[in-house]
Amino acid sequence: MRCYLRAFLLCAGVAFVSVTAEDSRRRGISELTVSDAGRHDAGTVVRKSPGLTGRKLDRCKSQPVSYWNPYWRLPTDVCGLNCFLESSFGDDNKAVYEAEKQGEGSSHVAVVACGPRLDETLTMLKSAVLFSKKPVKFYIFAEDELHSSFRDALHSWPRSVRARFNFTIYSIIFPTENENDWRKLFKPCASQRLFLPVCSSNIFSNQTSTKIMLKNKFAIFPKLILKEVDSLLYVDTDILFLQPVEDIWALFTEFNASQLAAVAPEHEEPRIGWYNRFARHPYYGQTGINSGVMLMNMTRLRETFFKNDITAVTLKWSEILIPLLHKYKLNITWGDQDLLNIIFYHNPESLYVFPCQWNYRPDHCVYGSNCKLAEKEGVFILHGNRGVYHNEKQPAFRAVYEAIKQYSFGDNMETSLLQPLEASLQTTTHSYCGRVSHLFTKKLKQSIKSVIQGR
């Protein structure tokens, strides 16, 4: 009997000591001040435990993490749902957070990359970071096999550059109904952009989903991931920013109460327009719209009911996409862009149209210059669609792409970017776009000058 009693008292004593030690450890974390925090990596500043004073520890770095003590087993007041993602960026996110806290704000840029689009997408991201003075947040939707390549490439950029942006990588995912049709619509994965307001790939699992009823059928949409994102700039992978991202972001302030998206016209000159000559479906305005650069007020897109030619009742964005594909599947050529044209044909009051220099494509110069505002102010955003960055059809476009791609962070922009580009453009004057290539560098010169003066 004495043996049992001793064993019981021994176990009780060990349990009491363990609980006391754990309580002291947690109190120690809660009572850490700036002097204590200084001995740890600051990391990303995120939500803190209640009751902390002074500068507190990053909840993701305030406790050791190991195989035996993973993130999901840490106390909830230390590490929350997004801790794993936030900690992966470390100090790189701190400058972004501090800028937002001081009211500078940041631009949110989304891109969808599939197939051999890694280098092209990285060059686009590079152009966004090069000229922007305010922080940029990137939302990269990519095939799973590209995730590690994106992550490694972006983390290899200099620390001073990484301090100006952060990023999250998502998997590509579509509704289960007609998944293959969505995936192959126009270009691989391009139609993912249509689902940004209503669904996104789940970082942790592709199984979490929400159902909506359409014509007695269930369409499966993944659980919302971008639900906290109010506004977004979507761009194709073949976009190059020639001026700060925050400049086009500022166009959101020009939206009226009904406008929820902004794009550029597909053509300036109706005589060479595609939609007005060949389309077999409704399209916006006189020449249609191009969706390669698209400002999206995500909140309004989720909440608005859209007029349509499918049913007499208005439908939300999440309800309209699948029946729209069913009706026009055999009549569309440019995939998701055609579906956007159909939607805004019926809802023109919802669209803000910005000028062509915000989405300058070969069509604006291949038949002679027809973007008047670009002639006056220069090109703001270059869009090398139809693969012109990777062939010899439009050497002026390729020259800009190669100049930005080859530029090394930290080098003098005038001598290592602008001057080599101008020399390369001089060799393209045999082409129509090469003859107006001074439009490509007009705004770029101002952007480079501003960067040099500001740093």
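Reader: Which backbone oxygen does the side chain of R302 reach?

Author: The backbone oxygen of P197, at 2.8 Å. That is a polar contact: a pair of N or O atoms within 3.5 Å, where, within protein, one must be able to donate a hydrogen and the other to accept it, and residues adjacent in sequence count only if both atoms are side-chain atoms.

Reader: What kind of model is this?

Author: It is a predicted model; local features need pLDDT of at least 70, side-chain atom pairs count only at pLDDT 80 or more, and totals for chains, interfaces and linings use all residues. Residues are numbered from 1 along each chain as its sequence is written, and side-chain values use heavy atoms, with hydrogens and water left out.

Reader: Back to R302. Where does R302 lie?

Author: In helix α11, residues 298-303. Helices (H or I, at least four residues) and strands (E, at least two) are DSSP runs, numbered from the N terminus.

Reader: Which side chain of opposite charge is nearest to R302?

Author: D230, 6.3 Å away. Lys and Arg count as positive, Asp and Glu as negative; His and the chain ends are not counted. R302 is buried yet has no salt bridge. Buried means under 20% relative accessible area, exposed over 50%, partly exposed in between (1.4 Å probe, protein chains only). A salt bridge needs a side-chain nitrogen of Lys or Arg within 4 Å of a carboxyl oxygen of Asp or Glu.

Reader: What does R302 touch?

Author: P197, L226, K227, V229 and K316, leaving out residues up to four places away in sequence. Contact means heavy atoms within 4.5 Å. The backbone oxygen of V229 also lies 3.4 Å from a polar atom of the R302 side chain.

Reader: How many salt bridges does a search of the whole structure find?

Author: It finds 10. E266 and R361 form one of them, at 4.0 Å, N to O. E266 sits in the loop between β8 (261-265) and α10 (275-278) and R361 in the loop between β12 (351-353) and α14 (372-377), so the pair ties together parts 95 residues apart in sequence.

Reader: Is R361 buried or exposed?

Author: R361 is buried, at 0% relative accessible area. E266 is buried too, at 8%.

Reader: What about K307? Which residue does K307 form a salt bridge with?

Author: E349, with the closest N and O atoms 2.9 Å apart. K307 counts as partly exposed at 40%, and E349 as partly exposed at 36%.

Reader: New topic. How many disulfides does the structure hold?

Author: It holds 2. A disulfide is a pair of cysteine sulfur atoms within 2.5 Å. C356 and C371 form one, with sulfur atoms 1.9 Å apart. C365 and C433 form another, at 2.0 Å.

Reader: Why does C365 with C433 tie together parts apart in sequence?

Author: C365 lies in the loop between β12 and α14 and C433 in helix α17 (residues 432-435), so the pair ties together parts 68 residues apart. C365 is buried at 1%, and C433 at 0%.

Reader: Last one. How many residues has the largest nonpolar core?

Author: It has 75. A nonpolar core is a set of buried Ala, Val, Leu, Ile, Met, Phe, Trp, Tyr and Cys residues joined through side-chain atoms within 4.5 Å. F138 is among those with the most contacts inside this core. Helix α5 (residues 118-131) gives the most to this core, with 8 residues. A second, separate core of 44 residues includes V263 and Y284.
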